[in-house]
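Good morning, and thank you for making time for this.

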Amino acid sequence: MPAPTASGSQRHNDALPLPLPALVVVTDGSLTGRRPLTEVVAAAVEGGARAVLMREKHLSRPERQELAADLRALLQPYGGVLVVASDPTIPADAVHLASADRVPEPAPPLWGRSCHTAAEVASAAVQGCHYATLSPVFTTTSKPGYGPALGPGALQGHPLPVWALGGVDAANAGACMQAGAAGIAVMGFVMRAPDPSAAVVELRAAMAGGATGGT
């Protein structure tokens, strides 16, 4: 993925030291049923997932650090990227901040932010983010409470790469890519899937069908 560009007061890094794959699997162990989260992620990686955003903010920091090490071990043989939500002190390849999180100092070499409006994406660009997630693009039961669905049209015209988040599945992933998203971030469709590997294969096929190039 090419490095984002900036103008005016925006202060992006000149190049991404570690590109973020177009498909990001977002974790939520409460959605996996009786299956361990690591088992679900391992299956997703087997299906071709090469980026995992670890949330699990309810865990203690030692528990999160241990889980991050386990997930990173699953990804490393494939050159995958582990992104940790909100805590830059946990060893990972990237950090993903919530919309209200302060920018850590020093800023991580690769980091993004959760955004819910175009204004928040613009602010993230000024802060120096490498990417943003924009949500909810579609209606979602996994993370309710962020207002009405934005729709794929909201993915266009941003000053940095945007990953579509919220209600994204194999039926609408292609529409996100066609609308200009740099990628998709998917939680429920993979976490709840009886076969997470097959779910990732479906997502990748849908993305390929909808890609407009450059992602």
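**Core, contacts and confidence**

The largest nonpolar core of this predicted model comprises 64 residues, and L155, C176 and I184 have the most contacts inside it. By nonpolar core I mean a set of buried Ala, Val, Leu, Ile, Met, Phe, Trp, Tyr and Cys residues joined through side-chain atoms within 4.5 Å. Buried stands for under 20% relative accessible area, exposed for over 50%, and partly exposed for what lies in between, with a 1.4 Å probe and protein chains only.

A word on conventions. Because the model is predicted, local features need pLDDT of at least 70 and side-chain atom pairs count only at pLDDT 80 or more, while totals for chains, interfaces and linings use all residues. Residues are numbered from 1 along each chain as its sequence is written, and side-chain values use heavy atoms, with hydrogens and water left out.

Let us look at C176. Which residues does C176 contact, leaving aside its neighbours within four places in sequence? They are V137, F138, L155, A164, V168, A181 and I184, where contact means heavy atoms within 4.5 Å.

I184 takes us to strand β8, residues 183-186, which is covered on both faces: G183 and A185 are buried on one side, I184 and V186 on the other. Strands here are DSSP runs of E with at least two residues, helices are runs of H or I with at least four, and both are numbered from the N terminus. Two strands pair if DSSP finds at least two bridges between them. Strand β1, residues 23-26, runs parallel to β8 and is joined to it by three bridges, with L23 opposite I184. Strand β7 is likewise parallel to β8, again through three bridges, and here L165 stands opposite A185.

Strand β7 also contributes to the one aromatic pair in the structure. How are its two rings arranged? The ring centres of Y131 and W163 are 5.6 Å apart and the planes are at 70°, so the pair is edge-to-face. The criterion is that rings of Phe, Tyr and Trp (its six-membered ring) pair if their centres lie within 6.5 Å; planes under 30 degrees apart are stacked, over 60 edge-to-face, and the rest tilted. Y131 belongs to strand β6 (residues 131-134) and W163 to β7 (residues 162-165), 32 residues apart, so the pair links distant parts of the chain. Both Y131 and W163 are buried.

I turn to charged pairs. There are two salt bridges, each defined as a side-chain nitrogen of Lys or Arg within 4 Å of a carboxyl oxygen of Asp or Glu. In one, D87 meets R61, with the closest N and O atoms 3.7 Å apart. D87 sits in the loop between β3 (81-85) and β4 (94-97), and R61 in helix α2 (residues 61-75). D87 counts as buried because its relative accessibility is 15%; R61, at 36%, is partly exposed.

The other joins R72 to D93, with the closest N and O atoms 3.0 Å apart. R72 lies in helix α2 and D93 in the loop between β3 and β4, 21 residues apart. At 23% relative accessibility R72 is partly exposed, whereas D93, at 19%, is buried.

Finally, confidence. The chain averages a pLDDT of 89, and 87% of the residues score at least 70; pLDDT is the predictor's confidence in each residue, from 0 to 100. Over residues 1-18 pLDDT stays under 50, and for them the model has 39 contacts beyond four places in sequence.
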